[in-house]
Amino acid sequence: MSTLRLKEKLQTLQCHFTWNFEIRDKVDAVHILQTLALRIAHTHYQNQATLRAMQAYLCHLQGQYEDALQSLREAEGILQRDHPDNFPRQVLVIYGNYAWIYYHLAHYDLVELYLDKVRKICSSLKSRSPYAAQIPEIHAQKGWSLLAAGFRNGNEATKCFQMALREDEANGEFLAGLAIAVFASWTHTHEPVFWEAAKKKLGAIIHEQQQNYEAKVYLAKILKKWDRPQAEALLEDVVQNSLDPEVLRHAAKFFLPVFLEKPISILERAISLNPNYHLLHYDLGICYKKQLEEAKSGRGEILAAAIEAFKKAVQKDPASVFSKLALAEMYGENTPHYQEEIYLNLMSEMPSLSKKCQQAVYLHWGDFLFYKQRSLWEAAQTYKAGFAIPDNYLERQQLKTRLEEVAGEFQQSSQTREAGAIHDFIQQNETPWYMGRSNGGNNRAGDWRCRENGGSFPFPDTPRPLSEVSHFPHLCNNDIRVPNDSGSPQ
């Protein structure tokens, strides 16, 4: 069979390679792999096999094919243990992933082998398609995978679980998935319809599953502004009994920014459970940073604790740009030359960073130039370079605000031409609201499949140099209705 014909068949499969995940770049994939490992270890549901299969897909994106195949082998074993009675219905996604990975490895005989396995199962299910079956198990697996890729996918995950429940309306796993998906939708839209639905569904899940601490954290977040005592009672149970570092991390965030001692103690417990998870150290550093902002005494001790926490976050994940930026900011309290060194190192790494990280680096480096060195011209160029990246993350709005502030400074010093040039630049580079926050022109996973590069992960485009965006080139030396998806970064 020709490779073209094989690929045509592969594209009709239902698996992680054909589902449209919003995984933006290598940094995003690495972060999802980290949180996925925690989900696999602590999941309250029988979805470990699905998460392992998702893990295999992410390993493929980074060219780690042996790891990908090992994840699929483990997923098969989990299915045989957890779903012996309906193994064929559950394994279709895994077989689809196998077929795609062997295609990228050019093992075409094995591709045909797994395509044949899928075809036989679909035939036994009387499916209209030879390589796909519209069954609730697959809808649910897609829903869990979308949530694992980020809560920005909540709307689409909601639809998946709704379809699964149409054929199995009493399935507790599907009901739990729907509750979490609706909560995810609320976190990214804050629409009342999602708030009401998430509150009801999460409450029902907790009633049936008293030890579902993930659901309790989410319900506490829902109730935070409306029933604080009940929310805190839920979290007290979570903090006392959960062994999931990620759930504890979410519990700690509940108390910010008003109470700082409580989240610090929660994060310290989470770190004792998983000292290698960099986000725990990062969030602990954020707590100390907030303490520092409010402290009237003992600032040196608090600053040292913040620096130590952010240093550990960087040590645990050397690719974590936001940990490095936070560390730089803390160094800037007493040793601004360390702060500058970190920024310059990050600027040199810019081509390999995600678009969100690029914007964040330009923002922080620009702030250093603007507020500490009072170099208005250089700061303007730096902010411009970040704002010229069209992806509408929070950092881009902050870059716009900084540019307007710089323009105001120029205006006050009667440099009206420079101020006008900045306003013109903002207008020319403004991204229309309808382009959405999270996509911003980045390739989605479905687009990457069209690349004939054997599955290696494409790095983001090199950012435009300052001279290309500058008006001052001589300074450049260097079950409910789901609205349309308006997802944003998790």
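The model is predicted, so local features need pLDDT of at least 70 and side-chain atom pairs count only at pLDDT 80 or more, while totals for chains, interfaces and linings use all residues. Residues are numbered from 1 along each chain as its sequence is written, and side-chain values use heavy atoms, with hydrogens and water left out.

The chain has 24 helices and 0 strands. Helices (H or I, at least four residues) and strands (E, at least two) are DSSP runs, numbered from the N terminus. The chain holds 490 residues, and 56% of them are buried. Buried means under 20% relative accessible area, exposed means over 50%, and partly exposed lies in between (1.4 Å probe, protein chains only).

The whole structure was searched for disulfides, and 0 were found. A disulfide is a pair of cysteine sulfur atoms within 2.5 Å. Cys15 is buried, with a relative accessible area of 0%. Cys357 also counts as buried, at 5% relative accessibility.

Burial is marked in helix H11, which spans residues 213–223. Of its 11 residues, 10 are buried, so H11 is largely enclosed by the rest of the structure. Among the buried residues of H11 are Tyr213, Glu214, Lys216, Val217 and Ala220. Two of these, Val217 and Ala220, are in contact with Leu235. Contact means heavy atoms within 4.5 Å. Leu235 belongs to helix H12 (residues 228–241). Leu235 is buried, at 1% relative accessibility. The C-alpha atoms of Leu235 and Phe254 are separated by 8.7 Å. Along the chain, these two residues are 19 residues apart.

Ala140 sits in helix H7 (residues 136–149). At 3% relative accessibility, Ala140 is buried. Ala140 touches Phe161, Ala164 and Phe174, with neighbours within four places in sequence set aside. Leu178 is 38 residues from Ala140 along the chain, and their C-alpha atoms are separated by 9.1 Å. Gln90 is placed in helix H5 (residues 87–104). Gln90 is a buried residue, with a relative accessible area of 11%. Not counting residues up to four places away in sequence, Gln90 touches Leu79, His83, Glu137 and Gln141. Lys355 lies in helix H19 (residues 355–372). Lys355 counts as buried, at 12% relative accessibility. Lys355 and Gly386 are 31 residues apart in sequence, with 9.0 Å from C-alpha to C-alpha.

Rolling a probe the size of a water molecule over the atoms shows where empty space is left. On a 1 Å grid over the protein atoms alone, a cavity is a set of points where a 1.4 Å probe fits but cannot get out, and lining residues have an atom within 4 Å of a point. Grid points are joined across faces, edges and corners, and a volume is the space filled by probe spheres set on the points. The second largest cavity has a volume of about 40 Å³. Its lining includes Leu13, Gln14, Leu92, Gly96, Val118 and Cys122. Tyr131, Ala132, Ala133 and Ile138 also line this cavity. H5 and helix H6 (108–124) each supply at least two residues of the lining. By class, the lining has 8 nonpolar, 2 polar and no charged residues. Ala, Val, Leu, Ile, Met, Phe, Trp, Tyr, Cys and Pro count as nonpolar, Asp, Glu, Lys and Arg as charged, and the others, Gly among them, as polar.

Most residues other than glycine have a negative phi, and most peptide bonds are trans. Lys126 has a positive phi of about 60 degrees. Lys126 lies in the loop between H6 and H7, and is exposed, with a relative accessible area of 71%. The phi of His190 is also positive, near 55 degrees. His190 lies between helix H9 (172–189) and helix H10 (192–208), in a loop. At 53% relative accessibility, His190 counts as exposed. A cis peptide bond joins Leu256 and Pro257, with omega at about -5 degrees. Pro257 lies in the loop between helix H13 (245–254) and helix H14 (261–273).

Terms used:
1 Å grid on protein atoms, 1.4 Å probe; cavity = no way out; pocket = protein on both sides within 12 Å on 5 of 7 lines; lining within 4 Å.
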